[in-house]
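Subject: Structure handover and notes

Dear colleague,

My notes follow directly below it.

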Amino acid sequence: MTGQGEQTAHAGLSVRGAGTPESGIVEVMNYGFDRQGLIPLWAGEGDIPTPDFICDAASRALAEGQTFYTYQRGIPPLRQALCEYSKWLYGTPNQAERFYVTGSGMHAIQTVITLCADPGDEMIYHAPAWPNLPAACSVAGVVPVPVAMDFSPEGWSLDLQRVFDAVTEHTRAICINSPSNPTGWVMPQADMVELLAFCRERGLWIVADEVYGRFVYDQKTLGAHGRPLAPSLHHLVEPEDRVLFVNTFSKNWAMTGWRIGWIEGPESIGLETENIIQYSISGVASFMQTAAITALHEGDEFAEGVIADARAGRQIVSEGLAQSGRCRFAEPEGAFYSFFAIDGFKDTDKLGLRLVDEAGIGIAPGSAFGVEGKGFLRICFVRRRDGLREAMDRLNRWIAAQ
Ligand SMILES: Cc1ncc(COP(=O)(O)O)c(C=O)c1O
């Protein structure tokens, strides 16, 4: 208790500083991080380290003296490599000037929020959602407006009309995360066409978070690289459309700890984007950018291996959840998470903590993804197969004992 007249550090903080919620994912991670023998499936990352050829490229660049301040928009060869990668993946023309290198996908999100909304403005997103998006809006003083998705055994869906109905005079952007973390939902191409037409007419921005674009499982459509790819706004946009793509090196190339990502957007906002990067992180270390070029040039085989692991992991987790007979879930169409409910557990808020103690597994509570995720749990399945099998056995033994 604080006595009268006493001041805590907390009391001196800004409303935004003090009011930023703890991530429900991080709460479970902090709780179980050091537990001996625990199988962690809470975070959005695999258990394979960054491959040597990428690490070696960073070491070489460091040894060569890439230790100085550098271009705020990203080094030109990396912007060019991102442009070539985009053409290879989507088969659409592009320009290196449209790419901006950021200190992670998270930083890309923060940057685009600052670029398209002022404090008090609204940004619409679909929920359940990765909590960092609405939290980053709040930190920026922007109001995150959730639109609830629907769950059925066939999968998650988003009613576009509900999204359009949520638009007010304060709305500046609509954020789409497809494939989605945590639901695995993939936005159909026809909905993208409709969304883009709506946003063009209203002058709204679209923030397109396509970081899991290559992680799709039953997709009939192929990318220009000849393999499955989620429908993308890349196939629809004109260069000066108000569409800001956010992306990251974290997922495809097992580089979560590096903190490097990118924005793709109109060339005409280059200076403004550069300014926001300058006044936040002042650019990404050039030796990391050099290694990122290597990831793009030489990392396809590795990325395909990660995607194959995710595909196998999805099957193990789906079979495991079905085996219990007490889990409700839909097989995810994309990304690498299973979002499921256990019959009899309406409130999963603290279930993540219990499962650490009682089952030796680390799972994120659905409420971490908004009230729309209440009652669900999220498992990341881009993990080694034996670990996943053991985790599902532990979960099923725990469920059977309840
Ligand atoms: C939907 C989504 N967008 C963006 C990111 C950002 O990833 P990072 O900050 O590691 O680049 C993540 C990470 O989990 C994510 O799930």
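I begin with Val207, which sits in strand β8, residues 205-209; please bear in mind throughout that this is a predicted model. Val207 has 28 other C-beta atoms within 10 Å and is therefore buried, since 20 or more are needed for that class. Setting aside neighbours up to four places away in sequence, Val207 is in contact with Val112, Ala173, Cys175, Leu244 and Val246. Val207 also lies 6.2 Å from Ile174, C-alpha to C-alpha, although 33 residues separate the two in sequence.

Apart from residues up to four places away in sequence, Val112 touches Val207, Leu244, Val246 and Ile263, and Val112 is named with Met123, Ile206 and Leu244 among the residues that have the most contacts inside the largest nonpolar core, a set of 117 residues. Helix α10, which spans residues 286-298, contributes the most to this core, with seven residues. The core draws at least three residues from each of the two domains, domain 1 (10-50 + 302-400) and domain 2 (52-299). As general background, nonpolar side chains tend to be buried together in soluble globular proteins.

Turning to the chain as a whole, there are 13 helices and 15 strands. The radius of gyration is 21 Å, close to the 21 Å that the globule rule gives for 402 residues, so the chain is as compact as a globular protein of that length. Its C-alpha atoms fill a box of roughly 60 × 60 × 45 Å along the principal axes, and buried residues make up 48% of the 402 residues. Of the contacts with a separation of 6 or more, 73% are between residues 24 or more positions apart.

How are the two domains placed relative to one another? The domain assignment gives domain 1 as 10-50 + 302-400 and domain 2 as 52-299, and their centres, taken over C-alpha atoms, are separated by 24 Å. The contact between them takes 33 residues from domain 1 and 39 residues from domain 2. On the side of domain 1 that touches domain 2, α11 (300-324) and β12 (337-342) each supply at least two residues, and α11 gives the most, with seven. By class, the residues on that side of domain 1 divide into 16 nonpolar, ten polar and seven charged.

Val356, in helix α12 (residues 351-359), is worth a look as well. Leaving out residues up to four places away in sequence, Val356 touches Val28, Tyr31, Gly32, Arg35, Leu38 and Gly362. Val356 and Ile39 are 317 residues apart in sequence, yet their C-alpha atoms are 8.9 Å apart in space.

As for the ligand, 13 residues surround it, and the closest are Gly44, Gly105, Met106, Thr248 and Ser250. The shell around the ligand consists of three nonpolar, nine polar and one charged residues.

Finally, some points on backbone geometry. Most residues other than glycine have a negative phi, and most peptide bonds are trans, so the following places may be ones to check by eye.

- The peptide bond from Ala127 to Pro128 is cis, with omega near 10°, and Pro128 is found in the loop between β3 (122-127) and α6 (132-139).
- Asn181 and Pro182 are likewise joined by a cis peptide bond, with omega about 15°; Pro182 is in the loop between β7 (171-177) and α8 (189-202).
- Arg259, in the loop between β9 (243-248) and β10 (261-264), has a positive phi near 70°, and with 19 C-beta neighbours inside 10 Å Arg259 counts as partly exposed.
- Ser282, in the loop between α9 (270-278) and α10, has a positive phi of about 55° although it is not a glycine, and Ser282 is exposed, with 11 other C-beta atoms within 10 Å.

With best wishes

Methods: Residues are numbered from 1 along each chain as its sequence is written. This is a predicted model: local features need pLDDT of at least 70, side-chain atom pairs count only at pLDDT 80 or more; totals for chains, interfaces and linings use all residues. A residue is near a molecule or strand if its C-beta atom, placed from the backbone, lies within 6 Å of it. Ala, Val, Leu, Ile, Met, Phe, Trp, Tyr, Cys and Pro count as nonpolar, Asp, Glu, Lys and Arg as charged, and the others, Gly among them, as polar. A nonpolar core is a set of buried Ala, Val, Leu, Ile, Met, Phe, Trp, Tyr and Cys residues joined through C-beta atoms within 7 Å. A residue is buried if 20 or more other C-beta atoms lie within 10 Å of its own, exposed if 12 or fewer, and partly exposed in between; C-beta atoms are placed from the backbone. Helices (H or I, at least four residues) and strands (E, at least two) are DSSP runs, numbered from the N terminus. Domain bounds come from an automatic or database domain assignment. Two residues are in contact if their C-beta atoms, placed from the backbone, lie within 7 Å. The radius of gyration is taken over C-alpha atoms; the globule rule is 2.2 Å times the number of residues to the power 0.38.
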